[in-house]
Amino acid sequence: MEAFFQHLINGISLGSIYALIALGYTMVYGILQLINFAHSDVYMVGAFIGFYSARWLHVSDSPSYMNFFTVLIIAMVGCGILGFLIERLAYRPIRNAPKLNALITAIGVSLFLEYTGQIVFGPTPQVFPNILSDSIIFSTTSGGVRITRFDATILLTGVGLMIVLEYIIHKTKLGKAMRATSYNSQWASLMGIPVDTIISMTFVIGSALAAAGGILVGIKYPKIEPLMGIMIGLKAFIAAVLGGIGNLGGAVLGGIIMGVAEEFVVGYGAATYRDALAFGILIIILLFRPAGLLGHFSVEKV
Amino acid sequence: MINVKRTLVFPGLVLLACWGVGLIFPDLFNAYFQTLVIYSCINIILAVSLNLVNGFTGQFSIGHAGFMAAGAYMSAWLTMTFPHWAGPFLGINFFFNTIAGGLLAAAAGYGVGLPSLRLKGDYLAIVTLGFGEIIRVVLLNIDAVGGARGMYGIPKTASFGWAAGWVFICILTVSRLVNSTHGRAFLSVREDEIAAESVGINTTQYKVRAFVISSFFAGVAGAIFAHFLCYLNPNSFNFMKSIDVVVMVVLGGMGSISGSVVAAIIITLLPEALRPLQEITKLDFRMVIYSLTLIVLMLTKPQGLFGKLEVSDIWKKYVRRSS
Amino acid sequence: MGVLAFAFFALLMSGCTKNSSDGAASKELLVGEYGSMTGGEATFGQMTHQGIELAFKQANAAGGVKGKQLKLDSVDDEGKPEEAATAVTKLVTEDKVIAVLGEVASSRSLAAAPISQQYKVPMISPSSTNPKVTEVGDYIFRVCFIDPFQGTVMAKFAHDYLKVNKVAIMKDLKSDYSVGLSNYFKDTFEKMGGQIVSEETYVSNDIDFKAQLTSIKSTHPDAIFIPGYYTEVGLIARQARGLGMKMPLLGGDGWDSTKLYEIGKDAVMGSYFSNHYTTDTQDPTARNFIAAFQKEFGVVPDGLAAMGYDAAKVLIDALNRSKTLNSQDIRDAIASTKDYPGVTGKITINDLRNATKSAVVVQVEGDHNKFVTTINP
């Protein structure tokens, strides 16, 4: 029974990371109908920016919340810039091209980041700096169920960022413009919304969230390497689809469900099919409810 | 109009050129060169078959490696378990095992295609990707075919003759198909699916047909691969392999068979051609260059090298111009 | 487009016709190496490569072999078996190397060995542990243990030294090394009367293992055998300790790297693994190697680098002992290697073309490993 609760806690912790990354995918897809394959690599770059900036600030071995937040902010800003550049240089020119071309460009950017990362950062896994220390903040008497400080930090940071995002999307003018653009970009531009700027902002915000994901993962799983984004990116994307792509709440819901499902399947069944599970979920969702759990299906007008 | 004979002229010329080069530079026509040629043939079959789905029928399939794996493992398993079931000659066995591999792949294509082809664009892409990965993970778990340790000791029955023969059959099939009423249907599905439905074309059925035929040839390519490398490992059939084939199709021009042929050869040879660069700089820039090529290609010439034309069309254009 | 095609073929030709000089007659001895310099296992390939480079550099500084300088022809296989086969085909038929070094992963060695065998070019694998690799033919050798031996080593250690009876296994499904090692461990341990209470799997590059560990926890093992690579073991150990699992952890030579402790920190302290040598070693050969490697590349060598170094050294030694430089003689010289003082122990090539070496079991004690015991074949 204890194992069940531990699995649940593990699943939610994992799921909140998927959710953070899924938000970036869903935002970009909502506005551009583009699967930004490079998103998972922006996440990777975020983790590495954290690595190098902690070194540069000489805080690699001084755990404290202050250092954690500093590194987090630096990484988010850095990746925001990276996301902006990617959109500007690689995606804007092909905005009106056929979908498959955009997909391939995205794949190209993803591969470019990965392999350049291998050359620049080296392929050997690096140890993420110790900028936050772990401790158990809750444990049952037998030690069967534990919640650690890391889990709590990840959940709270994740939730905090999501709340900020919600605020931006629903309570600011920028958010309104973003929603309008995702509904129909042509109408939005007719209304005087600078669509190009809005799209750039979407990428910046999405990338910043990915960077946050990278830092949080770096803290909890201190091994980082240039190819770390691939699997987690794919699963986060599936989480976004599961929840309803284009829908922010869906991304969060999807992320949590993915995390928990994966945890339970691996814990109680065939761990070897872990990756296949993710795709299995995807296929089932797309076959039976392609709009996702919280999404709505739009009818294609002739 | 795609003329069957004309479509085969170009690949035929390429094969002749290889043979000729082999005569002039005998040192060149060694095992290394042969390896490259056979891998080119395998990739040509993969690219042309994928083009049927992605190019001519306008669907997004990026899980081709899964079908290749199905064909590879099926044929290899048959060869290893029943070495002489079709007679004493290994070659004949190879031929039938290749077909068996192709059939299993086609069945997988049917299984994947039927439910998924209702989906559009990006969604279909991700689903096919997912199926490709599922097939790979399943193979990793089946101990009878080796799992992570792989299947080794497969007899090397795939020679240039067999590979070239299957290339011929593949191109012939696809070009004849495209040049028929079925081909018209495929093109109509690509151009405007709703309009096609409204004039009575069962788009789902045609999409599935394209998918099944395409998967068959992917399986065949896998069988040739298995009997040439003589060793199979599920990790050879991952997402990256599927992406390689998609790149070949897009580079060559979706809707152009000749384009797929040329692009397949280029993509096969590119990593080898870039080796001198690696030796000079001591760093491996190949994948970086590969990815940059993708991006630049999409930005500058998204219709690929040939667009929707075949070599015969370009030939006609030049001939007409000069006369 | 025609221009493109032409430029392309020109580039290809230049790559192809470059090396038509034959290895033996020129002033250099060309030795081939194939490894995964890029891709998911790039770190293993690059480490091995650096070990080999160091060995060649030292040999060349000391005058080379038979008066000729050694030249390393290194080819990347991107971590793919088909590329490994192509790489070795190129090395053997195009570049005409006199010997081949490689590969780390048995899957890639198995793909490439038949080619090396077919063209009768001796091949030495530094770290492939699947017994099938050397069974390909009499030109294929290796300088490491094979899985059956190493699996047995840890099983013996667990049973006889630690005296535990219930062990859980956590293996990497994608790595043939890990699967092989765990199979042999299981066989031996069960034959000795022990019990495998749980067998969980993960996949290389995974970062979260809590699910599997939580399951293992509920079966109450006395120890956990994790025959994987240090890239994952550090995280697995941390997560196990985080779940309150305090039992000893056991592993194989895939653990050998400073990164193990860097990532795992306290979680891996006190854990045991079998290895070829220990960084705590007093053996001057090993100490010199570690110092030289650090000086040359700025990092501490891991187990793979040491194996690469030894494979290269065994080859160089064989080249020196060989009567001539034709492949048959080189092959025979390698086959008759006896008690060669390698960094990773005394290497003798036996009849099956595998290395007969003792294994040491070490205990992780911070950034160095403490010697615990030796287990002989």
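1. Buried means under 20% relative accessible area, exposed means over 50%, and partly exposed lies in between, with a 1.4 Å probe and protein chains only. At 2% relative accessibility, A:Glu262 counts as buried, and its place is in helix H10 (residues 248-268) of chain A, where helices (H or I, at least four residues) and strands (E, at least two) are DSSP runs numbered from the N terminus. Leaving aside residues up to four places away in sequence, A:Glu262 touches A:Leu14, A:Tyr18, A:Lys235, A:Arg274 and A:Leu277, contact meaning heavy atoms within 4.5 Å.

2. On the basis of the note: this is a predicted model, in which local features need pLDDT of at least 70 and side-chain atom pairs count only at pLDDT 80 or more, whereas totals for chains, interfaces and linings use all residues. Residues are numbered from 1 along each chain as its sequence is written, chains are lettered from A and ligands numbered from 1 in the order in which they are written, and side-chain values use heavy atoms, with hydrogens and water left out.

3. The peptide bond from C:Gly102 to C:Glu103 is cis, with omega near 0°, and C:Glu103 is found in the loop between strand E3 (99-101) and helix H4 (106-118) of chain C. C:Glu78, a residue other than glycine, has a positive phi near 55°; C:Glu78 lies in the loop between strand E2 (69-76) and helix H3 (81-94) of chain C and is buried, with a relative accessible area of 14%. C:Lys96 is not a glycine either, yet its phi is positive at about 50°; C:Lys96 sits in the loop between H3 and E3 of chain C and is partly exposed, with a relative accessible area of 34%.

4. Helix H3 of chain C also takes part in a contact with chain B. The axes of helix H2 (residues 31-56) of chain B and H3(C) come within 8 Å and cross at roughly 150°, where axes are lines fitted to C-alpha atoms, for helices over the stretch in contact, and angles run from 0 to 180 degrees between N-to-C directions. H2(B) and H3(C) are therefore roughly antiparallel to each other, given that angles under 35 degrees count as roughly parallel, over 145 as roughly antiparallel, 65 to 115 as roughly perpendicular and the rest as oblique. On the side of H2(B) the contact is made by B:Ala31, B:Tyr32, B:Thr35, B:Leu36 and B:Tyr39, and on the side of H3(C) by C:Glu82, C:Thr86, C:Thr89, C:Lys90, C:Thr93 and C:Glu94. These residues divide into 4 nonpolar, 4 polar and 3 charged, with Ala, Val, Leu, Ile, Met, Phe, Trp, Tyr, Cys and Pro counted as nonpolar, Asp, Glu, Lys and Arg as charged, and the others, Gly among them, as polar.

5. Within chain B, helix H7 (residues 181-191) and helix H9 (residues 203-229) pack at an angle of about 110°, with their axes 10 Å apart, which makes H7(B) roughly perpendicular to H9(B). H7(B) contributes B:His182, B:Ala185, B:Phe186 and B:Val189 to the contact, and H9(B) contributes B:Thr203, B:Tyr206, B:Lys207, B:Arg209 and B:Ala210. By class, this contact has 5 nonpolar, 2 polar and 2 charged residues.
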